[in-house]
Protein chains: 2
Amino acid sequence: MKINLNRMMDMLSEVNQITDEGEGVTRPAFSDFEDQAHGWFINKCKAHGLETYQDRFGNSFATIGPGEEKGLLIGSHLDTVNNGGEYDGALGVITALETVITLLENGVELSKPVTVVAFRAEEIGLIGSSVFSDLIDKSGNFAERMAGIGRTPEDVENAIGYKDFTDYLELHIEQGVYLENNALDIGIVNAIASMHQLNVTVFGEAGHAGTIGMRERDDAMMNASKLLVEFEKIVKSYGPPFVGTAGTLEVFPNSSNVIPGKVEFTVEVRGDDMDKLHAILDSFIEYAERDFKTNITKSIDKAPAHMSDGMIDAITAACEATDMKYELMMSGANHDANPLSRRMNAGMIFIPSKDGISHNPREFSSKEDIETGAAVMLEAVKRLLSK
Amino acid sequence: MKINLNRMMDMLSEVNQITDEGEGVTRPAFSDFEDQAHGWFINKCKAHGLETYQDRFGNSFATIGPGEEKGLLIGSHLDTVNNGGEYDGALGVITALETVITLLENGVELSKPVTVVAFRAEEIGLIGSSVFSDLIDKSGNFAERMAGIGRTPEDVENAIGYKDFTDYLELHIEQGVYLENNALDIGIVNAIASMHQLNVTVFGEAGHAGTIGMRERDDAMMNASKLLVEFEKIVKSYGPPFVGTAGTLEVFPNSSNVIPGKVEFTVEVRGDDMDKLHAILDSFIEYAERDFKTNITKSIDKAPAHMSDGMIDAITAACEATDMKYELMMSGANHDANPLSRRMNAGMIFIPSKDGISHNPREFSSKEDIETGAAVMLEAVKRLLSK
């Protein structure tokens, strides 16, 4: 029994023709393009004889096997960032679908149902999978926020579906260089990183760039630069897998002849140990508050998500059976497997990303690596079904 | 013979009622508000019996004295930045007008004409005074650029007026803290700083903030931070009056979970010595190009403008005669006196700015300092007339 690589690549190419204009693939969450991709998915599943279903939030499902038992869920998401790549999300859905088609074609008798899922809006905060897992934040102006994306609180209630499943397995590209640099075929995720984000405002005193001497001025951009250099130093001192990034930064008033009076930026740190993450942030905040006038607020503070031992064992066995080089690793990126892992056994299979490039039109994983990943997923699913 | 402080303050208050909505004063270059301020100026001058004239570019003039001789020009500009203060530009025009009204009231016999000028569009690059001095850049799509501000190349030709004048004197607020910190009444400008600007692009490699390790990543924002820390260090090593500022900075793609792939920023340095300024920039560029992937272009490279010895002497004598504490100083900001100084004897009188705040609704100079400045200007004009 073997997956059909050509069919997989064809399906991947088909779904990636659904994109907004511009470089790469653009199927933003809740856009027409995401809707169309889910329509394509439902039609493709029907054509292969799967039982399809869409919940009222817009997550799509396709099932084979006996309906009475609690089942196995496999898949990923179909939305992308703007000008993203062809693999992030879509490859996980296609691999899951190919796995199920292969089981069907080979007449494998199923002890329980296997369902392929395509979640909504992963790229803007794992929205679809969080709704499915009943982990969406319903506080504050919840109805208003849902109205903003064309949904109602009733739609969200209708889409809570995790209780019908015992296990979730997702294949994804690594989006990093660990597998490539270490010549590995497969990464078996043991944890999805905890992520902590700070919103930092550094103050200075705005003034004319020509008339205030270097000793008299308080330049917010220079203050921010020193904070960032120190931030990087602190994160690096903790070693792998800890990472820290200042992805956004804005200068006020942002005029070439005005000394910046204020700079706002975000820093986020990720890692697998909450205590160390808090220590990193505490060191940074202590440095910032000692030497600068700042206002720092924590905006995201998530605990790491641990993959289940049973899933890790099944994927490990699948790698051994298919003779693949693998390693356990942390996922620095967040995935639908995060909320799912809080409701059932969850696992993730990583395949190599060329140069670690992701969220980018140049995102690439080779056919060979895709075939390897699909083979491991098929093996792992067989093992999970025989449990 | 003494200037009338109340009349001056009333005139200043009247012209500052001409402003767009919002905090502070907003009379942008070429706006209706600037037009209205020039209309107010012409009417006020007429009411005091001055001979008024507006050139086709929109610069406004008001003259007293014999028409045949080459004259003395005094004034400043009436436009402001958005949400600017009440003093920058307007105070120079009002002081010049008050000086002329005082001469008229006291029946001072004039050997040559004295003209008050209100230039256009100082805040967006000394446009009006550059046109007047025939120093505007007429290369490339000049007609198109003029059409964009509702002018024609013929209007610009008509407005070349410097040949009728021998001297230009301008009073302005310091916009810095040098006078205040050193308890001085008057700054006599000896040079307007040379200003050099670089557009810097620093590259990195965009990537997922969670998946690329600290050792594997090339973060453009961290690169930019290190460049800016070094930039500040280099500028400071040259001491006063050299200043350097990174006023604008933009991060790409500017997403909290993406390692920045590119950062663009401007740096400008000002000082009174071209060789040292070039040395500062060369050190910075050398550092940048040695350790980082950058693209650096020079966008502005202006020579310093030297005020004339005769003017400096006249203002010095005026300070001595009125018993004021003064010092020679460089102007870090640019002024209409810059283009004028390339065509005639030019001089500038600075009065203190509270806390150096400028281009800001909180810009402030005390009545006492304004009175002092006007008294020094009146004295200096008398001396220039008797030459």
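Is B:Glu157 buried, partly exposed or exposed, and what is its relative accessibility? At 45% relative accessibility, B:Glu157 counts as partly exposed; here buried means under 20% relative accessible area, exposed over 50%, and partly exposed in between, with a 1.4 Å probe and protein chains only.

This is a predicted model, in which local features need pLDDT of at least 70, side-chain atom pairs count only at pLDDT 80 or more, and totals for chains, interfaces and linings use all residues. Residues are numbered from 1 along each chain as its sequence is written, chains are lettered from A and ligands numbered from 1 in the order in which they are written, and side-chain values use heavy atoms, with hydrogens and water left out.

Let's look at the charged pairs. Over all chains, a search of the whole structure finds 42 salt bridges (a side-chain nitrogen of Lys or Arg within 4 Å of a carboxyl oxygen of Asp or Glu). Three of them are listed here, including their sequence separations.

| Salt bridge | N to O | Apart in sequence |
|---|---|---|
| B:Glu157 and B:Lys138 | 2.9 Å | 19 residues |

A:Asp35 is partly exposed at 36%, whereas A:Arg120 is buried at 4%.

B:Lys138 is partly exposed, at 32%.

Definitions and conventions: Helix = DSSP H or I, 4+ residues; strand = E, 2+ residues; numbered from the N terminus.
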